[in-house]
Amino acid sequence: MRKKKKKDWSRYLYAIFDEYNRRYFKAELPSKETTVTFELFDRDEFCYGACRKYNERLGRNKWQSWNIAVNWELRHWEVVVRMTMLHEMAHLASRLESGKHGAQWKAEIKRLIRAGAFDDLL
Ligand SMILES: [Zn+2]
């Protein structure tokens, strides 16, 4: 009997990131500088995901990197994973402007809605 292949959850998230980056962000989100991970959030309030910025340094070189995390407990709900990815990618597109869900982030979400990104998810 063939052994059932275990799902590669990391590859699964990167595939969604690449798909959306190409379809809705003209592949302009910094894919090389962005890690995408499932994560168990240790917080009192339930959290769908997060988008974080890091300032990296290697000798004289400084650059920024990013992480999008999706709550591990959501992994089997693809629709919710995808909605969370769009939400967090909108943060990345607005480069985490101050004021978490500010005007730039809202404009990104409206643009995504108009582009049909949520059509199959709602
Ligand atoms: Zn948010």
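**View 1. The buried residues of helix H3 in this predicted model.** Trp-105, Glu-108 and Leu-112 are the buried residues of H3, where buried takes 20 or more other C-beta atoms within 10 Å of a residue's own, exposed 12 or fewer, and partly exposed the range in between, with C-beta atoms placed from the backbone. They sit on the same side of H3 because they cover an arc of only 60° around the axis, the arc being that of the directions from the helix axis to the C-beta atoms. An α-helix has 3.6 residues a turn, so residues three or four places apart point the same way. On the other side of H3 you will find the exposed residues Ala-103, Lys-106, Lys-110 and Arg-114. Helix H1 (9-24) and helix H2 (78-93) are among the elements that cover the buried residues.

A word on the model: it is predicted, and local features need pLDDT of at least 70, side-chain atom pairs count only at pLDDT 80 or more, and totals for chains, interfaces and linings use all residues. Residues are numbered from 1 along each chain as its sequence is written.

**View 2. Helix H3 from end to end.** H3 spans residues 103-114, 12 residues in total, and reaches 16 Å from its first C-alpha to its last. That is close to the 16 Å expected at 1.5 Å a residue, a span taken as 1.5 Å times one less than the number of residues. Helices (H or I, at least four residues) and strands (E, at least two) are DSSP runs, numbered from the N terminus. Just after H3, look for Gly-116, with a positive phi of about 90°.

**View 3. Where H2 packs on H3.** The axes of H2 and H3 lie 9 Å apart at an angle of about 130°; axes are lines fitted to C-alpha atoms, for helices over the stretch in contact, and angles run from 0 to 180 degrees between N-to-C directions. That makes H2 oblique to H3, the term for angles that are not under 35 degrees (roughly parallel), over 145 (roughly antiparallel) or 65 to 115 (roughly perpendicular). Leu-86, Ala-90, His-91 and Ala-93 in H2 meet Trp-105, Glu-108, Ile-109 and Leu-112 in H3, a contact being two C-beta atoms, placed from the backbone, within 7 Å.

View 4. Lys-26 counts as exposed because it has 8 C-beta neighbours inside 10 Å, and Ala-27 counts as exposed with 10.
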